[in-house]
Each structure stands twice: as C-alpha cells, then as structure tokens.
Amino acid sequence: MSNHNKRHGILTATLLALVLVAAHPAGAQTLKAVKERGTLNCGVSQGLLGFSSMDDKNAWTGFDVDICRAVAAAIFDDPAKVTFMTLDTASRFTALQSNKIDVLSRNSTWTMSREGSLGLMFAGVAYYDGQGFLVRRDAGIDTALQLGGKTICTQTGTTTELNLSDYFRANDIDIKVLALGSAEETLKAYDDRKCDVLTSDVSQLYAERLKLAAPDSHIILPEVISKEPLGPAVRQGDDQWFNLIKWTLYALINAEELGVKSRTIDEAVKSSNPNIRRLVGTDGEFGEQFGLPKDWAARAVRAVGNYGEIYERNVGTQSRLSIPRGLNALWTQGGIQYAPPIR
C-alpha cells in the first residue's frame, strides 16, 4: 500500500472513530455510575411543602421526591436508594453540570435558554404551573391589574423576576419590586409587611400560604401570568439517561391513563390489554433499550403509584395544599397531561 493510501486509510478510520464517538456522546455513563454507586443522587428544593420537604420523621416527601423514587425503583427495584441534595436557586444548575447530582427534580422551569446555554435537557413536564400573586384578603384586591403602586416580593435568580416586569410593563402599571435571595426570605418580608404582594409559581404560593399564621387571611389572585412547565432535568450528552428519566415520568402518566395503580399492579401484570402489557413489561423489551429490566415501569408504579396517585397524595385532594388538578389533569379529563405511548 502506498504512503498516500496508508494516510488516507488512517484518516478515514480516525474520522469514522470520531463519528462513532459523536453518535454516542458519553455513552451510558450516568446509569453505569448510579449502579456502581448504589444510589441515585437527586437534587431537590430546600423545603417546599408538597414538592420536597422533610416530614416529622425526617423522611423526604413530596411530588418531586416521588419522581426520583420512581427512577430509583425502576433501576434498583428499591425506591429508598436515593440520596437527596437540597439546592437553592443559585446552585441548582451548577450541581447538575458538575456531576454532584444525576437528576434535578426541583421546581425548575423548562426554558430555551436553560437548554441552550447551561448544557441541560428537561426530560418532560411533570407539572404545568404558572406565576401568580398572593395578597392579604383585607387589602380588597381582586385582580392583578389593581396592583399599581404596590411593592411585590419576588425571588432572585428565577424566571419570576422577568415575568413580573414583562407583565406590568405590558399593562402600563408601575410597581415596586423587592427581590430577595431565598423563598424563606421572600415569605418573611411579605409576612413582615415589607411588601404588599408575594409572587411565585402558583403551586409554591399554595405551599407558602400554609406557613403564615392565618393562611385563610391571604388569597391567591385569579391571574396566571406565565407558562412555568416544571420537570426533571439532566445533563446533555447522555441520551440513554435522558430517555430513562423521560420514560419513567411518561410511564407514571400512562399508568394513570390505563387505570394501573400501586395496589393493582399485580393484577395489571396478568392483564390481556396490550397497552397495559407493554407498560408492565409482559410484552416487548422496552426497558432493556435503556439499560433497565422488563418490569421497570411496574417497579416504579408499585413503589410510588401512578401520576394521579403522586399528585393527589402530595399536592392534591389528599394533601393540605388541595391544589386542583387543572392543567395537570390527563388530556382525557380536560387537562393537558399527555404521555407518548409505550409501543
């Protein structure tokens, strides 16, 4: 072989190797690391009732917590194999970028800039939220359009700040803004009457209101001024892990649609319905495509319940928050929660 042909062959092989590496970025590194470690590292908020907080027995509970427990159950068949890391708004994304956590399951909004500039990917929408306003009942305010001249407390480093200025500028209303570093500081400022209004995602307002001395003395105004799709986020570059998180979430939603619950999972395994059989792993090899066993989804539902069970237990009718399902109802029930099919 001539030197020219040798060089050409080496160049072709090198280019092919680069193409193969590019086609499989970071391979299956995250799942491998999680299995070797024996626990899933999950980033959560610092204490948001209904989403991630410690109960009186020092056990983690909440909607975001259960998403991570479902992933742990799918991988290990044990929902307890999760290590929770509390993160504030400033450190939540860097913790993911620096491999301190495997997944961020915290009230974080999916936006284009967060995927474009932070190297993150949101695996799906676990909770459709929107920004709202909390005011004192005796203020006699019925609508956000009456907030001219008022001082509004908000949290820095969130999508909330930008939404606030956009909304009131669009409506030609002057307001004063008091921006603070944490949800705790923001609520305290509102409680101390340093501001007239507290703004955040509506789900967070339901939780924060319960911390006030007389929750019923405060109302949430009807306006929802933004789209806040909240969901679990992962690092870019590991497609297998991204798909694993995404399809675990979708399995929980599909389970609710198919009527498969934690207490009926053993009956579902015997079902003749092809959609249920694919979900619970009695037909097909769907989990194995992402490095999981056939019964990955059955494990998740058995551990934490389907999407509806998770919702009602943590933030819905069975919780102190009692947030109506609203947009988070299934598409078949008037909401927009909708999962692609397992097939």
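I will go through the overall build of this protein and then its disulfides.

This is a predicted model, in which local features need pLDDT of at least 70 and side-chain atom pairs count only at pLDDT 80 or more, while totals for chains, interfaces and linings use all residues. Residues are numbered from 1 along each chain as its sequence is written, and side-chain values use heavy atoms, with hydrogens and water left out.

The protein has 13 helices and 14 strands, taken as DSSP runs numbered from the N terminus, with helices being H or I of at least four residues and strands being E of at least two. Its C-alpha trace spans about 85 × 60 × 35 Å along the principal axes. Of the 343 residues, 51% count as buried, where buried means under 20% relative accessible area with a 1.4 Å probe and protein chains only.

Turning to the disulfides, each defined as a pair of cysteine sulfur atoms within 2.5 Å, the count comes to two. Cys42 is joined to Cys68, with an S to S distance of 2.0 Å. Because Cys42 lies in strand β1 (residues 40–44) and Cys68 in helix α3 (residues 63–76), this pair ties together parts that are 26 residues apart in sequence. The link of Cys42 and Cys68 is right-handed, with 75 degrees about the S-S bond, and both cysteines are buried.

In the other disulfide, the sulfur atoms of Cys153 and Cys195 are 2.1 Å apart. The torsion about their S-S bond is about -105 degrees, so this disulfide is left-handed. Cys153 sits in strand β9 (residues 151–155) and Cys195 in the loop between α7 (183–191) and β11 (197–201), 42 residues apart; Cys153 and Cys195 are both buried.

Terms used:
Buried < 20%, exposed > 50% of the residue type's maximum accessible area, 1.4 Å probe, protein only.
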